[in-house]
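Subject: Structure handover

Hello,

Here is the structure I said I would pass on. Please look through it alongside the notes below.

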Amino acid sequence: DDDDECDVPVTWNGYLFTATRAGEETLRENNRLQKSAGARVKLLSREALARLFPWLNNEGLVLGSLGESEGWFDPWLLLSAFKRKALSMGVDYQEGKVREIKVDRNRVKSIEVSN
């Protein structure tokens, strides 16, 4: 049915992290770790950052790390789709402030809300 439709587009533009001299080694270490886990990331010099991202103020930057197969989506759109689906399945949706979340063995057992 139509309640199962969920069109949450992903923008695949990569994800860029940058570093000043103080954070350069950390960015290099993170890049090595990401590559060892199979991530498609590459380090970019200050010059490459300026060439690829001409709108970026690279003053003080020495290095960038670009995740080539990464992107983002609209989290509010996804959350709204989850809510619509839950309501279509009969969930009793109540609006209020969460006062307490009871957890047992790393599982949520109940949530207390005030209206």
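Predicted model: local features only at pLDDT ≥ 70, side-chain atom pairs only at ≥ 80, totals over all residues.

Core

In soluble globular proteins, nonpolar side chains tend to be buried together. Here, the largest nonpolar core is made up of six residues, namely Leu44, Ala48, Leu49, Phe53, Leu61 and Leu66.

Aromatic pairs

Searching the whole structure gives three aromatic pairs. In one, Tyr15 and Phe17 have ring centres 5.9 Å apart and planes at 35°, so this pair is tilted. Tyr15 is partly exposed at 39% relative accessibility, and Phe17 is partly exposed at 45%. Another pair joins Phe53 and Trp55, with 5.8 Å from centre to centre and 75° between the planes, and this pair is edge-to-face.

Surface patch

Which residues form a nonpolar patch on the surface? They are Val98, Ile101, Val103, Val108, Ile111 and Val113, and together they have about 520 Å² of accessible area. Two elements, β6 (97–104) and β7 (107–114), each give two or more residues to this patch. Ile111 belongs to strand β7. The relative accessible area of Ile111 is 52%, and exposed means over 50%, so Ile111 counts as exposed.

Loop residue

Tyr93 sits in the loop between α3 (75–88) and β6. With a relative accessible area of 44%, Tyr93 is partly exposed. Apart from neighbours within four places in sequence, Tyr93 is in contact with Lys83 and Leu87. How far apart are Tyr93 and Asn106 in sequence and in space? They are separated by 13 residues in sequence and by 23 Å in space, taken from C-alpha to C-alpha.

Regards

Conventions: Residues numbered from 1 in each chain as written. Heavy atoms only, no water. Core = buried A, V, L, I, M, F, W, Y, C linked by side-chain atoms within 4.5 Å. Buried < 20%, exposed > 50% of the residue type's maximum accessible area, 1.4 Å probe, protein only. Phe/Tyr/Trp six-rings, centres within 6.5 Å; stacked < 30°, edge-to-face > 60°. Patch = residues over 30% accessible without salt bridge, like charges linked within 9 Å, V, L, I, M, F, W, Y side chains within 5 Å. Areas by Shrake-Rupley, 256 points an atom, 1.4 Å probe, with all protein chains shown as cover. Salt bridge = Lys/Arg side-chain N within 4 Å of Asp/Glu carboxyl O. Helix = DSSP H or I, 4+ residues; strand = E, 2+ residues; numbered from the N terminus. Contact = heavy atoms within 4.5 Å.
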